[in-house]
Amino acid sequence: MKKEEIKDQSVQELKSLYHDLSKDIFQLKNELAVARKLEKPHLLRNKKKERARALTFLRQKNGTIAL
């Protein structure tokens, strides 16, 4: 997602996005642990960056983290 797309979302949507990305990261890490190799290793890094963006905008809108 682009920065502008994340910025325009509501707090509830940002929380949902954060949780979805966390689940995806967890699954990718499990795949890495089991198979010792990812087919698309760039996805892990991109999802971590997107999760950080979502958390940043959530903090800006909320003031605190209430996940």
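Mentor: Let us begin with exposure: a residue is buried under 20% relative accessible area, exposed over 50%, and partly exposed in between, using a 1.4 Å probe and protein chains only. By this rule Gly-63, at 55% relative accessibility, is exposed. Gly-63 belongs to the segment after α3, where helices (H or I, at least four residues) and strands (E, at least two) are DSSP runs numbered from the N terminus.

The model is predicted: local features need pLDDT of at least 70 and side-chain atom pairs count only at pLDDT 80 or more, whereas totals for chains, interfaces and linings use all residues. Residues are numbered from 1 along each chain as its sequence is written, and side-chain values use heavy atoms, with hydrogens and water left out.

The confidence comes next. pLDDT is the predictor's confidence in each residue, from 0 to 100. The average for the protein chain is 89, and 94% of the residues score at least 70. Helix α2 has the highest confidence, at 94, and helix α1 (residues 3-7) the lowest, at a mean of 83. Where pLDDT is low, the predicted coordinates should not be read in detail.

The protein chain has three helices and zero strands, in the order α-α-α from the N terminus. Its C-alpha atoms fill a box of roughly 40 × 20 × 15 Å along the principal axes. Of the 67 residues, 25% are buried.

The part to examine is the contact of α2 (residues 11-35) with α3 (residues 42-62), whose axes come within 9 Å and cross at roughly 155°. Axes are lines fitted to C-alpha atoms, for helices over the stretch in contact, and angles run from 0 to 180 degrees between N-to-C directions. The crossing angle therefore makes α2 roughly antiparallel to α3; angles under 35 degrees count as roughly parallel, over 145 as roughly antiparallel, 65 to 115 as roughly perpendicular and the rest as oblique. The crossing of α2 past α3 is left-handed, that is, the near helix is turned anticlockwise from the far one by less than a right angle; clockwise would be right-handed.

Contact means heavy atoms within 4.5 Å. On the α2 side the residues include Val-11, Leu-14, Leu-21 and Ile-25, and on the α3 side they include Leu-44, Arg-51, Phe-57 and Leu-58. The residues of this contact divide into 13 nonpolar, two polar and eight charged. Here Ala, Val, Leu, Ile, Met, Phe, Trp, Tyr, Cys and Pro count as nonpolar, Asp, Glu, Lys and Arg as charged, and the others, Gly among them, as polar.

Gln-12 lies in α2 and is exposed at 58% relative accessibility. The C-alpha atoms of Gln-12 and Leu-58 are 9.1 Å apart, although 46 residues separate them along the chain.

The loop between α2 and α3 holds Arg-36, which is exposed with a relative accessible area of 70%. Arg-36 has a positive phi of about 65° although it is not a glycine. Most residues other than glycine have a negative phi.

Beyond its neighbours within four places in sequence, Met-1 is in contact with Ile-6, Gln-9, Leu-17, Glu-50 and Arg-53. Met-1 and Arg-53 are 52 residues apart in sequence and 9.6 Å apart from C-alpha to C-alpha. In the protein chain, 56% of the contacts with a separation of 6 or more join residues 24 or more positions apart.
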